[in-house]
Amino acid sequence: MPVQGEYMGMMLTIDDVDKENREFFKFCAKGDFRLQKGKKSGLLRYPPTTACPWTGDRTYEWVKVEPKGTVHSYAEVHHPIQPAFKDKVPYMILVVDLDVQRGKPTKHESLRVAGNLVTTDGSFAPLEKIKEVGIGTRVIMSFVKVVEGFSIPHWTVDENAEQPAHPWRYPQE
């Protein structure tokens, strides 16, 4: 039976055949960030897949990963396509370089995980917080529950981390 739940007015579904994503989101529901580690390559991968992108090997194990990183890129959404998000704008989507496995398998690679910028209670971050965040901001993962056994990873500013004095941002109006 598929896992289904409503998230901010949208129906989300993970089909039965999507074993890797079901496992990933179950870990997230426990507040546990885990990634697949290829048995042959020894490398972590994201998003969850059936085979290692470097070796094609289908054997892996789930390993616990520290859910911290640095904003690699971002987008501010001011005109939502999804009607349920209309009253949420502006909101920010982050692409985050995880601290783990940075520079592997090549010096320019990193594990990058996308998610919305949220407050510690899982709400979209307010405009004043959005204006503080940019490339280089340190963030920590936050999990937003959809239904029992299914949570979505998002990002919140890591208040315990040293932050850049002026994170890079696109020019403001």
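Reply: Strands β3 and β4 pair in the antiparallel sense, over 2 bridges. The model is a predicted one, in which local features need pLDDT of at least 70 and side-chain atom pairs count only at pLDDT 80 or more, while totals for chains, interfaces and linings use all residues. Residues are numbered from 1 along each chain as its sequence is written, and side-chain values use heavy atoms, with hydrogens and water left out.

Some terms are needed at once. Helices (H or I, at least four residues) and strands (E, at least two) are DSSP runs, numbered from the N terminus. Two strands pair if DSSP finds at least two bridges between them. In general, strands of a sheet pair through backbone hydrogen bonds, either parallel or antiparallel.

An open sheet of 5 strands has the order β8-β7-β6-β9-β10, with antiparallel pairing. Its edge strands are β8 (112-116) and β10 (150-157), each of which pairs on one side only. From one strand to the next, the twist averages 35°. Strand β9 (residues 138-147) is joined to β10 by 8 bridges, and Ile-140 stands opposite Thr-156 in β10. α1 packs on this sheet, touching β9 and β10, and its direction makes about 60° with that of β10.

How much of α1 is hidden can be judged by burial, where buried means under 20% relative accessible area, exposed over 50%, and partly exposed in between (1.4 Å probe, protein chains only). In α1, the buried residues are Glu-20, Asn-21, Arg-22, Phe-24, Phe-25, Phe-27 and Cys-28. Their cover includes β1 (3-7), β2 (10-14), β3 (34-38), β5, β9 and β10. Just after α1, Gly-31 takes a positive phi of about 70°. Cys-28 counts as buried at 1% relative accessibility, and Cys-52 does so at 4%. A disulfide is a pair of cysteine sulfur atoms within 2.5 Å, and by this rule the count comes to 0 disulfides.

Rings of Phe, Tyr and Trp (its six-membered ring) pair if their centres lie within 6.5 Å; planes under 30 degrees apart count as stacked, over 60 as edge-to-face and the rest as tilted. The structure holds 12 aromatic pairs. In one of them, the ring centres of Phe-27 and Trp-62 are 5.4 Å apart and the planes are at 55°, so the pair is tilted. Because Phe-27 lies in α1 (residues 19-29) and Trp-62 in β5 (residues 60-64), this pair ties together parts that are 35 residues apart in sequence. Phe-27 is buried, with a relative accessible area of 18%, and Trp-62 is buried at 15%. Phe-24, Phe-25, Phe-33, Tyr-46 and Phe-150 form one aromatic cluster.

Finally, consider the interior. A nonpolar core is a set of buried Ala, Val, Leu, Ile, Met, Phe, Trp, Tyr and Cys residues joined through side-chain atoms within 4.5 Å. The largest has 40 residues, and among those that touch the most other members are Phe-33, Leu-35, Leu-94 and Phe-150. At least two residues of this core come from each of β1, β2, α1, β5, β6, β7, β9 and β10. β7 gives the most, with 5 residues. Of the 8 residues of β7 (residues 91-98), 6 are buried, so this strand is largely enclosed by the rest of the structure. The bridge partner of Tyr-74 in β7 is Leu-94.

Technical notes
Axes fitted to C-alpha atoms, helices over the stretch in contact; angles between N-to-C directions. Contact = heavy atoms within 4.5 Å.
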